[in-house]
Amino acid sequence: MNFRSFLATSILALGLSQGAIAKPQLIDQVVGTVNEGVILQSEVDAIINRVKSQAKTSGQELPSDDALRVQAIERLIDQALLLQLGERMGMEISDGQLDQTLANMAREQGGTIADMRASIEASGESFQQFREDMRKEITTQQVMRANVDRRIYISLQEIDNLLKIMDQQGGNAEEYDIGHILIDIPSGATAEDIASAQERATKVIDMLNDGQEFKRIAIASSSGSKALEGGQLGWMGTNEMPSLFAEAVKGKKKDDIIGPLRSGAGFHIIKVQDVRGRQVVETVEVRSRHILLKPSIILSEEKARSMLAGFVEDLRAGEADFAALAKEYSEDPGSALKGGEYDWTDPTTYVPAFRDTLMALDKNEISEPFRSTFGWHIVQLLDKRVADKTDLAKKNRAQQLLYNRKFKEESFAFQQEIREQAHIDIFVEE
């Protein structure tokens, strides 16, 4: 029996009736392997059904089921590789962290976890499965950030250069709603492979210029990370796009098709779906301080949380000094030596868990321990003000824009690298 047959038969249900073996009924089927892991048909079906449900709600036209199957499998391959890497890194999302994330999501929608559960179950889905899907999503995000962050370096010169550009742009900078399609080039591609990919990219552009719907073509053709979302990258200024995109979209108008643009990942096709002036809103800035503990093989999730809970108890009782604790215990190299303190900052530059917890505090209030993508924190809100566009705030904004740009670029490269190192075998559908 070959490996595939063994895997398929290993998940058959054998019914017994009056001592006789009933006809085997297939519960699930393996559609491929990723290193030591497997991709199941039920996982593929779940993604396809979710995409179809969302498309029905929004009136979105979809490509064939075969195209959806390919994209679903691609999504599951990327997820499996990141989850396997997370397991090797010892990364584990505790029930407490998961519940906090779900509570934050529910609060943003104006409800509670109970409301979220009722809504999900009313749609016919399992809330328990939703929880586990979210656990996987959080894990993959943390693995990606942990591995990509170390590849990012932002120099003071880069920040100064961007500040000059932002000053020149003033309040007239434009933002673009970007659609993206990637026609990838395989590892070790020959000249013939590259020519073939370019030809496919040109055909995609021809279809788009003939008026075919961008989202449908993206779902059917793109190898980008947002393919199943119709290639939607959302609103971005040129300062936070990958450099290749930024140069290409300058001066372009709504509905312009750009490409193919060649990068190491393949040929990119961009649609400018809309253009607007930068949305200027009154920005609140905060001054805060925090203590960060990063779970590891030595420091468990629960131990990190309980240590911080002890700090909170001592701080609220006046039996400890925040700055002293931060200097001794915090694992944030950027703030620990300053007693855990961050200067005036736009809170939208923080990761959601940190931002949401901080903005819910009153002045001088200390939070309960909470989990972000970086680890376990406690944070204290020292002060809050309406942004005055100080030099420091501008520098923080410039640094965040550069980080966003480089994170997008390095994420492409990292995902491609771990794929090249993996053993992936997708079975032909019978």
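**Hairpin and sheet**

I looked up the hairpin first: E9 connects to E10 through 3 residues. The model is a predicted one, so I kept to its thresholds: local features need pLDDT of at least 70, side-chain atom pairs count only at pLDDT 80 or more, and totals for chains, interfaces and linings use all residues. Residues are numbered from 1 along each chain as its sequence is written, and side-chain values use heavy atoms, with hydrogens and water left out. Helices (H or I, at least four residues) and strands (E, at least two) are DSSP runs numbered from the N terminus.

I then followed the pairing, which requires at least two DSSP bridges between two strands. E9 and E10 (residues 266-277) are antiparallel over 4 bridges, and leucine 261 has histidine 268 of E10 as its bridge partner. I traced an open sheet of 4 strands, ordered E8-E7-E10-E9, with antiparallel pairing. Its edge strands are E8 (232-237) and E9 (257-262), each of which pairs on one side only.

**Backbone exceptions**

Most residues other than glycine have a negative phi, and most peptide bonds are trans. The bond from glycine 259 to proline 260 is cis, with omega near 0 degrees; proline 260 sits in E9. Aspartate 255 has phi near 80 degrees, a positive value in a non-glycine residue, and lies in the loop between H10 (243-249) and E9. Aspartate 255 is partly exposed at 45% relative accessible area (buried is under 20%, exposed over 50%, partly exposed in between; 1.4 Å probe, protein chains only). Asparagine 35 is another non-glycine residue with positive phi, about 55 degrees. I placed asparagine 35 in the loop between E5 and E6, where it is partly exposed at 29%.

**Helix H2**

I took H2 (residues 41-58) next: 18 residues, reaching 26 Å from first C-alpha to last, close to the 26 Å expected at 1.5 Å a residue (1.5 Å times one less than the number of residues). Its buried residues are Gln41, Val44, Ile47, Ile48, Val51 and Ala55. Seen down the axis, these fall within an arc of 135 degrees, so they line one face of H2; the arc is that of the directions from the helix axis to the C-beta atoms. On the other side, Lys56 and Thr57 are exposed. The buried residues pack against E5 (30-34), E6 (37-40) and H3 (65-89), contact meaning heavy atoms within 4.5 Å. Just after H2, glycine 59 has a positive phi of about 75 degrees.

For H9 (residues 214-221) I listed Phe214, Ile217, Ala218 and Ile219 as buried. Their cover includes H3, E7, H8 (191-209), E8 and E10.

I ended on threonine 139, in H6 (residues 127-149), which counts as buried at 9% relative accessibility. Its side chain reaches the backbone oxygen of arginine 135 at 2.8 Å. Beyond neighbours within four places in sequence, threonine 139 is in contact with Leu83, Met91 and Ile93.

Note on methods. Polar contact = N/O pair within 3.5 Å; in protein donor to acceptor, adjacent residues only side chain to side chain.
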